[in-house]
Amino acid sequence: MGRRSLLTGAAAVAGGAALSTALPTTAEAAPRSGAAAVAATTVADAGTTVATTDYITVVPNDSRFPDLVRGINQRWVASPDYVRLVTTTAQAVRAVQEAVSAGKRLTVRSGGHCYEDFVFNKDVQVVIDMSGMTQVYYDSGRNAFAVEGGASNLQVYETLYKLYGVTLPAGSCASVGVGGHISGGGYGLLSRLQGLTVDHLYGVEVVTVDKNGTAKAVVATRDSSDAALKDLWWAHTGGGGGNFGLITRYWLRSPGATGTDPSKLLPKPPSEVFVHATSFPWKDMTEASFTRLLQNWGAWHEKNSAPDSKYNSLFGLLKLNHSSNGQIGLLTQMDATVPGAQGLLDDYLAAVTAGVGVTRQAMTNRMGEHAAMPQFAAPRKLPWYIATDYLSGGNPTLYGKYKSAYARKGFSATQIKAMYKHLSRTDYSNGDALVQVDSYGGRINAAKPGDTAVPQRDSVLKLQYQTYWTDPADEARHLAWIRDFYRDVYAETGGVPVPNEINDGCYVNYPDKDLGDAAWNTSSATWNSLYYKDNYARLQKTKAAWDPKNIFRHAQSVRLP
């Protein structure tokens, strides 16, 4: 993962329709450099873009092509006619317009972390790649931080924190692109303390296509007086990527932030955090001890996940690996500066492990996206940014399948029994298969379901089912395991986490096409209701207003009403 210093010079956009992409006088800016250097461009009027330089086009015989037609999940490889790499908003408008005018199916790549084939599939003819738009800067004109759609989580963290002392409560995977991450809601290790990423979204710049097939860049903010623009902003607070247009940049400022001091416009992270990693050996784990561990985990989060909880700064990841891994892991980060932090952390560990009857050991095995961490068997203090950088994971060489769920409380007995059954199966062996159960709630639950497009605002746990492999010939075996596993955990509700007193649907940033397959979803809940619940109708209205020709679409994109 390359580090990138603050690079600015991106467009500050005025109004809500026509825009200028010349270097804004209001941005704390430095010009682009190297291959990314571009001349200023202007927009004469709404929808009329005049560019003085061209974008980069990569075609199949280019040596870069294989890298640009796939993402992190090696299951999905496309064969488009070409890939456009854009470096300005004006270039993005032009790239979209040319694809639309030619009748070509287009998709947009931010960081390449889409779990399904929504970007890279057999139908795509044009991929618009945002890798050249990664700038992060303070825009004094909007009194907010501007972040371009191709920037990664770690690039955002590094710039915001080192230059301004602030951060976003976003994801832990360093290379995830913010274009898709933020639009789907965004959460991470600071979310119990600071809410979801989209709780701090002030505005968004989107290239849309109107009913006449004309592409233009539009800016929508939470202060927009026009109802359609306000809906467009709201749709990007959890409506998911690839639905309404191409996202060129976001503006971020916390609600209620006042003044013009950039260091006071977004939350500050803790200066130091405790990092702790421990494990439970599978060889010592009986069904009774497994059950007690999951009961403890659920009960602790039910008790300690209110918006004002003294444990808001603690975020845990319970890594329920398949038994062939050898260990079940528990990774925890907590603010080390809160009063009595060490005692709070000790009490948490005691509550989670009470009565399990298994002696904990160091975490010596890799678990999902995280490497072995034996050096954290005892909690260690680290500066926040160093911990954030260290805990960021990801492996771009694997094939994978993922599923998700929100939980409003701890697991039912049926769910725990199904988890133990599939994680201890001897007819399946894969140390890279697991369900990770994340801490949730806290300040996330201070918002109401309709405040943003993310409707799940009273959950205390979030689950990510994962399996990885390296040989494509093994795909059927791994898919069968994770599908059977998930179906059995939610057998009481038709094989999917239909919202009830325990479950609360699925996370749109962990897309799963099986949710729309009657073979795996036998409930009456549709995939869109599992992601969006009652917010889907407003998202459809926004889709009709801003993408009436359904240019931006994929297997689970918001449907036109």
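Helices (H or I, at least four residues) and strands (E, at least two) are DSSP runs, numbered from the N terminus. This is a predicted model, in which local features need pLDDT of at least 70 and side-chain atom pairs count only at pLDDT 80 or more, while totals for chains, interfaces and linings use all residues. Residues are numbered from 1 along each chain as its sequence is written, and side-chain values use heavy atoms, with hydrogens and water left out.

Q: How many helices and strands does the protein have?
A: By that definition of DSSP runs, the protein has 13 helices and 19 strands.

Q: Why is the protein called as compact as a globular protein of its length?
A: The radius of gyration is taken over C-alpha atoms, and the globule rule is 2.2 Å times the number of residues to the power 0.38. The rule gives 24 Å for 561 residues, and the radius of gyration of the protein is 23 Å, close to that value, so the protein is as compact as a globular protein of that length. Along its principal axes, the C-alpha trace spans about 70 × 50 × 45 Å.

Q: Why is Asn143 counted as buried, and why is Lys533 counted as partly exposed?
A: Buried means under 20% relative accessible area, exposed means over 50%, and partly exposed lies in between (1.4 Å probe, protein chains only). Asn143 has 15% relative accessibility and therefore counts as buried, whereas Lys533, at 22%, counts as partly exposed. Thr291, which is found in helix α7 (residues 287–303), is likewise partly exposed, because its relative accessible area is 21%. In the protein as a whole, buried residues make up 61% of the 561 residues.

Q: What makes the phi of Asn143 worth a remark?
A: Most residues other than glycine have a negative phi. Asn143, although it is not a glycine, has a positive phi of about 50 degrees, and it is found in the loop between β7 (136–139) and β8 (144–148). Lys533 is not a glycine either and has a positive phi of about 50 degrees; its place is in the loop between α12 (527–532) and α13 (536–546).

Q: What makes strand β13 mostly covered?
A: Strand β13 (residues 314–321) has 8 of its 8 residues buried. Leu314, Gly316, Leu318 and Leu320 point one way from β13, while Phe315, Leu317, Lys319 and Asn321 point the other way, and all are buried.

Q: How do you know that β13 and β14 pair, and in which sense?
A: Two strands pair if DSSP finds at least two bridges between them. β13 and strand β14 (residues 327–335) have 6 bridges and pair in the antiparallel sense, with Met334 in β14 as the bridge partner of Leu314. These two strands form a hairpin with 5 residues between them, and Gly326 in the turn has a positive phi of about 100 degrees. β13 also pairs in the antiparallel sense with strand β18 (residues 433–439), over 5 bridges, and there Leu434 is the bridge partner of Asn321.

Q: Which strands run parallel to β6, and what are their bridges?
A: Strand β4 (residues 82–85) pairs with β6 in the parallel sense over 4 bridges, and Val83 stands opposite Val127 in β6. Another 4 bridges join strand β5 (residues 106–109) to β6, and these strands run parallel, with Asp129 in β6 as the bridge partner of Arg109. Both faces of β6 (residues 126–129) are covered, with Val126 and Ile128 on one side and Val127 and Asp129 on the other.
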